[in-house]
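Here's a quick briefing on how this fold is put together. Have a look at the sequence and the model, then read on.

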Amino acid sequence: MSYDLPRPAGRLLLTPEDKEAPARTRRLSLLGLGEHPEPALDAFAARLAESAGAPYAMVTFIGEHRQFFAGLRVPEAGPPTDSGKRAPRLGRELARDHGFCPHVVARRKALVLEDVRDYPRFAGNPIVDEFGIRSYLGAPLIDSTGMVLGTVCVADAEPRMWGKPGLETIKASAAELVARLERREADGLPVL
């Protein structure tokens, strides 16, 4: 099940165009985000994973060519693949055309995918094939300038019925994190 998600018309859709990427990259650089792991964001991702009951949680900042997980919670070992081998462990960086966060950024809206295989647009995404991700729940981090900095998200290797409670949780988490980032910026402190 998905909320407010257009279905493709007879063809797979690629990662959406992101006209804000150059400006976002500059803003993230000014904030000191998106280039290195942040222990506070790792802790935030761990709390988010726990509250959602999900094995994966990320705070993702998206530049022009890549995604960086400044906050990351992943299981010790990846899920089993169709061949019975373990999927690789998700690292801190992915290409921009992998995963679902670039879609959230382009849409500027939360995205709920309870089983990615239900959507041809997403079923063939490399994150599904390489890492075994089957469900996703993400919300944009939109600051007071109107810039989408990135996302907060959770994912699972199993289909999940995230429903309205999941959607409310991820949106509240995004709002909480944006408020934290902006308080730190206003106080002239390092962002985290």
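**How the pieces pack**

Helix α1 lies across strands β1 and β6, and α1 runs at about 90 degrees to β6. Contact here means heavy atoms within 4.5 Å, and angles run from 0 to 180 degrees between N-to-C directions, with axes as lines fitted to C-alpha atoms, for helices over the stretch in contact. Helices (H or I, at least four residues) and strands (E, at least two) are DSSP runs, numbered from the N terminus.

Keep in mind that this is a predicted model: local features need pLDDT of at least 70, side-chain atom pairs count only at pLDDT 80 or more, and totals for chains, interfaces and linings use all residues. Residues are numbered from 1 along each chain as its sequence is written, and side-chain values use heavy atoms, with hydrogens and water left out.

**The sheet**

- Six strands form an open sheet in the order β3-β2-β1-β6-β5-β4, with antiparallel pairing; two strands pair if DSSP finds at least two bridges between them.
- At the edges sit β3 and β4 (111-113), each of which pairs on one side only.
- On average, neighbouring strands of this sheet are turned by 25 degrees against each other, direction ignored.
- Helix α2 packs on the sheet too, touching β1, β2 and β6, and its direction makes about 70 degrees with that of β2.

**Strand β2 and its partners**

- Seven of the eight residues in β2 (residues 66-73) are buried, where buried means under 20% relative accessible area (1.4 Å probe, protein chains only).
- Strand β1 (residues 56-62) runs antiparallel to β2, and six bridges join the two.
- The hairpin from β1 to β2 goes through three residues, and M58 has L72 in β2 as its bridge partner.
- With β3 (residues 93-95), β2 pairs in the antiparallel sense over three bridges; there Q67 stands opposite L94.

**The nonpolar cores**

- The largest nonpolar core has 31 residues, and V59, F61, L141, L149, V152, V154 and L177 touch the most other members. Such a core is a set of buried Ala, Val, Leu, Ile, Met, Phe, Trp, Tyr and Cys residues joined through side-chain atoms within 4.5 Å.
- Elements that each supply at least two residues of this core include α1 (21-31), α2 (39-52), β5 (135-142), β6 (148-156) and α6 (163-186).
- Another core, of 24 residues, lies apart from it, with V74, L94, V104 and V116 among its members.

Conventions
Buried means under 20% relative accessible area, exposed over 50%, partly exposed in between (1.4 Å probe, protein chains only).
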